[in-house]
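Here are a few notes from my pass over this one. Have the viewer open while you read.

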Amino acid sequence: MLKTLTLYDRATDWITAQDWLLPTLARFLFAAVLTQYFFTSGVTKLDGLFTLSTGAYVQIFPRAFEAAGYDATALSAWHGLVAYAGTLAEFVLPALIVLGLFTRFAALGMIGFVVLQSLTDLYGHGQWSALGQWFDRLPDGTILDQRGLWVLLLVVLVVKGGGPVALDRVLLARRR
């Protein structure tokens, strides 16, 4: 058995040494799978270039917006600030990840965003039926299963960075 493990270890040394592979694949998959999702979600929160739509408040503060009679002016300045910040994050953070600029910080921000998004879906929108369950043989629980995989993808970027084709690496290489 030890001989088999030694052969296996030698055979897989090459793939272990490919430090570029994980961050490159993670950024590619983020771009292919999630970028349009977040951009489209951000667009639904806008009514013009710098004006938030009612959709922003419905999505981010569903209960508070309902309690305010669906009148955004009846909400506090804090609600407006959070809605603007959340909407901006849906555009800026995915763009930074795709470009490979400040990838670790952007991925960390996206993890926070996904956690807040999930909590809002559960507590604000009452989507408990979408929670799903881990270790249940069903891979389609929207919140636990799907977003767990999103966070894993983002954790790879937090740990490994943007990889060799990241914009920040290119810019730093030019400086040297």
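Predicted model: local features only at pLDDT ≥ 70, side-chain atom pairs only at ≥ 80, totals over all residues.

1. On the geometry: two packed helices are described by the angle and the distance between their axes. For α2 (residues 21–43) and α7 (residues 142–160), the axes come within 10 Å and the crossing is at roughly 135 degrees. Angles over 145 degrees would count as roughly antiparallel, so α2 and α7 end up oblique to each other. The handedness of the crossing, as α2 passes α7, is left-handed.

2. Zooming out, the chain has eight helices and zero strands. Following the sequence, the pattern reads α-α-α-α-α-α-α-α.

3. Is the chain compact or spread out? Its radius of gyration is 20 Å, whereas the globule rule gives 16 Å for 176 residues; the chain is well over that value, so it is more spread out than a compact globule. For the overall dimensions, the C-alpha trace spans about 70 × 50 × 20 Å along the principal axes.

4. Two more numbers for your notebook. Buried residues make up 34% of the 176 in the chain. Among contacts with a separation of 6 or more, 63% come from residues 24 or more positions apart.

Notes:
Residues numbered from 1 in each chain as written. Heavy atoms only, no water. Axes fitted to C-alpha atoms, helices over the stretch in contact; angles between N-to-C directions. Helix = DSSP H or I, 4+ residues; strand = E, 2+ residues; numbered from the N terminus. Parallel < 35°, antiparallel > 145°, perpendicular 65-115°, else oblique. Left-handed = near helix turned anticlockwise from the far one by under 90°. Rg over C-alpha atoms; globule rule 2.2 N^0.38 Å. Buried < 20%, exposed > 50% of the residue type's maximum accessible area, 1.4 Å probe, protein only. Contact = heavy atoms within 4.5 Å.
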